[in-house]
Amino acid sequence: MEIFLQQLINGLTLGSVYAIVALGYTMVYGIVQLINFAHGEVVMVGAMVALSVISALAGSVLPPLVIVFAGILCAVPVCMAVGFVMERVAYRPLRGAPRLAPLITAIGISIILQQVAMIVWSRNPLGFPQIIDNPVFEIAGAHISAVQIVIILGSLLMMAGLTLLVFRTRLGIAMRATSENPQIAGLMGINVNRVISATFVIGAGLGAVAGVMVGTYYGIAHYTMGSLLGMKAFSAAVLGGIGNLAGAMLGGIMLGVVEALGAGYIGEIMDLCHISGISDALAVRCAQDGHFVLFGSNYQDVIAFLVLIAVLVFRPSGLLGERVSDRA
Amino acid sequence: MTGWIARLEQLRTHQAAPWLGVALIVLTLFILPFVLASVGTAWVRITNLAILFALLSLGLNIVVGFAGLLDLGYIAFYAVGAYCYALLASPHFGLHLPFWIILPIGAAVACVFGVLLGAPTLKLRGDYLAIVTLGFGEIVRVFLNNLSQPVNITNGPQGVTLIDPFRIGKIDFSRTDDLFGLAFSGPIKYYYLLLAVLVVAIVINLRQQNSRLGRAWVAIREDEVAAQAMGINTRNVKLLAFAMGASFGGVAGGIFAATQGFISPESFVFVESIMVLSMVVLGGMGNVWGVVLGAILLSFVPEILRYTVEPAQKAVFGRLLIEPEVIRMLLFGLALVLMMLYRPAGLWPSSRRKRELSETDQS
């Protein structure tokens with residue numbers, strides 16, 4: 001039970017980060033029906049920028065909390081700029097081109113971002129400076145750290161903020177109208193290009209915060225950290241129903257929990273020694289080692305993809321998504 | 001001056017001209033490895049790798065170029081083929097099957113993997129496919145890395161060593177043989193073998209292009225709904241594209257394992273998939289010759305960079321600021337973006353694309 005609760009807490013933490021990144025994918029997809037492949041790299045840039053700022057200020061007299069906020073405040077605009085430029089350079093000229101074209105440019109952009117990050121920062125993983133003391137609380141035998149609490153609460157706050165933005169502001173109305181039908185939205189006096197830019201910029205800003213969260217949580221940042229995170233977040237967006245904001249949040253948190261519980265229990269489930277009666281050779285191995293694990297927790301990264309494939313096979317529209325028609 | 005041009009023109013329009021050209025190309029390709037070997041055996045190896053990448057690109061071209069399905073995990077099939085060969089012809093399991101048995105097995109297994117991957121995803125839109133294939137590539141690598149426990153199948157991150165070279169009768173591809181007074185070293189023998197396989201692959205690709213199947217692929221690429229309305233079984237045809245592309249990868253992987261003698265999961269990372277994709281995109285999606293050109297160009301880029309960028313940086317800055325490896329990746333990224341923006345049909349566009357363009361001009 002303690003393991004269950006512990007993995008649930010870890011899953012919720014990771015899941016809220018996935019949710020924030022997934023929001024970036026789903027917003028862009030909802031508006032231009034395009035997978036922003038380079039979004040994971042934006043998250044990485046956010047983590048790296050924050051890391052530099054925090055490291056630079058770490059020795060100063062400023063209180064630690066202020067330093068972390070300074071890191072976030074620097075990361076967000078940088079990522080927003082990256083998102084803006086990316087849309088201008090790689091996606092806007094290809095609007096209306098065959099679907100393959102923007103996908104390929106997106107891959108190109110993500111490679112360029114990775115390599116540039118490697119030149120600017122480092123080829124090796126960088127340690128995220130741990131400047132805030134991180135007290136650990138105990139709930140029913142499971143541990144939850146202050147960072148985890150902040151990540152979960154911060155994510156919820158951002159989700160609430162984004163929901164307000166989309167459903168209660170003029171920009172939100174414009175975004176929803178554009179996603180419904182860009183041409184008609186244009187006729188209604190909406191500057192479609194500006195709305196699309198805004199979507200990319202907001203998504204990138206969220207990604208930056210997510211990057212800082214991941215960095216602080218794992219205590220490490222690497223120039224390739226964005227790709228796997230991006231893929232998982234995309235899986236989360238698909239799980240929830242791509243194009244659907246609530247779906248991305250739900251999908252992200254669910255994926256995080258499933259992954260953490262999976263990692264916690266897969267070794268036990270896949271231990272063939274439960275059924276060592278089926279073969280003599282197996283019984284001998286079990287008597288020797290005590291366990292015979294077919295797939296252990298090192299397969300954790302596979303779980304997200306299996307979820308993705310399962311969703312695509314059984315419910316392609318996702319948990320909360322409506323049936324998406326194939327727009328030619 | 002004009003006499004020269006007239007004579008050249010005469011030669012060009014002469015009946016035997018195409019055959020003369022072919023003969024010249026064949027002769028060049030035949031003596032090429034000896035010329036390269038006189039510079040250094042390393043260059044023969046690089047050429048062999050270029051041909052391998054050309055094979056891979058031809059396989060990916062079927063999927064991406066003909067059928068328009070973006071596959072970002074293509075290297076997984078290469079890995080499957082390579083591991084098939086490595087496990088069936090090395091001391092790891094004590095199996096030493098001859099290559100002409102293993103290569104078809106590798107192709108078939110890769111083919112099965114292609115269908116396994118394609119079946120659940122092909123009814124979906126293209127961009128989902130891209131992500132799922134990407135994930136598939138990663139999954140295969142995770143498995144290769146971890147399938148050393150509890151039963152040692154892949155030997156984990158250490159990889160498989162001492163893989164048998166090719167053997168045809170008494171000819172061992174790892175040794176040097178003297179034939180007609182020429183020293184046929186291992187890499188040179190592999191060169192001829194690879195060249196032969198490449199020619200077969202090109203012929204298959206060219207024949208497919210204008211076959212019923214090839215036209216079905218293009219129809220799906222251009223408009224899936226219309227293709228379906230014309231009576232094409234889109235799912236099966238797409239699956240075929242996937243399976244065929246995968247089997248090319250499987251064969252290339254087998255030859256790769258034999259030439260290297262050692263493989264590990266490190267050889268099959270995502271970056272390699274991107275490299276093959278860049279080759280296809282740069283050369284011209286859908287055009288067989290363009291794809292081969294793209295593969296050969298991009299295969300030689302790292303070597304050229306090593307001989308130009310490194311000394312140049314050392315001369316200017318006194319030390320190596322940016323490694324050639326990084327520049328190569330940056331170039332790949334830039335190539336993908338710039339090609340899509342300015343020359344989406346590639347360096348050597350397919351004739352069909354050209355025809356389509358000229359038709360729209362007339363109307």
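S57(B) sits in helix α3 of chain B, which covers residues 41-66; helices here are DSSP runs of H or I with at least four residues, strands are runs of E with at least two, and both are numbered from the N terminus. Everything described here comes from a predicted model, in which local features need pLDDT of at least 70, side-chain atom pairs count only at pLDDT 80 or more, and totals for chains, interfaces and linings use all residues. Residues are numbered from 1 along each chain as its sequence is written, while chains are lettered from A and ligands numbered from 1 in the order in which they are written.

Back to S57(B): this residue is buried, because 34 C-beta neighbours lie inside 10 Å. The cut-offs are simple: 20 or more other C-beta atoms within 10 Å of a residue's own make it buried, 12 or fewer make it exposed, and anything in between is partly exposed, with C-beta atoms placed from the backbone. Leaving aside residues up to four places away in sequence, S57(B) touches V276(B), M279(B), V280(B), V291(B), G294(B) and A295(B); a contact means that two C-beta atoms, placed from the backbone, lie within 7 Å. S57(B) and V292(B) are 235 residues apart in sequence, yet their C-alpha atoms are 7.1 Å apart in space.

Helix α3(B) also has a partner in α7(B), residues 186-209: the two axes come within 10 Å and cross at roughly 20°. Axes are lines fitted to C-alpha atoms, for helices over the stretch in contact, and angles run from 0 to 180 degrees between N-to-C directions. Among the residues making the contact are V44(B), I51(B), L55(B) and L58(B) of α3(B), and Y191(B), L194(B), L198(B) and I202(B) of α7(B). By class, the contact of α3(B) with α7(B) has 16 nonpolar, five polar and one charged residues. Nonpolar covers Ala, Val, Leu, Ile, Met, Phe, Trp, Tyr, Cys and Pro; charged covers Asp, Glu, Lys and Arg; the others, Gly among them, are polar.

Where the two chains meet, 35 residues of chain B are in contact with 36 residues of chain A. On the chain B side, α5, α6, α11 and α13 each give two or more residues, and α6(B) gives the most, with twelve. That side has 25 nonpolar, six polar and four charged residues.

Over in chain A, there are twelve helices and four strands. Of its 328 residues, 48% are buried. One example is A260(A), which is found in helix α10, residues 245-269, and is buried because 22 other C-beta atoms lie within 10 Å. A260(A) touches Q7(A), N10(A), G11(A) and L14(A), again not counting residues up to four places away in sequence. A260(A) and Q7(A) are 253 residues apart along the chain, but their C-alpha atoms are separated by 5.4 Å.

Most residues other than glycine have a negative phi. Q33(A), not a glycine, has a positive phi near 50°; Q33(A) lies in the loop between α1 and α2 of chain A and is partly exposed, with 16 C-beta neighbours inside 10 Å. L162(B) also has a positive phi, about 55°, although not a glycine. Its loop runs between α6 and β3 of chain B, and L162(B) counts as exposed because 11 C-beta neighbours lie inside 10 Å.
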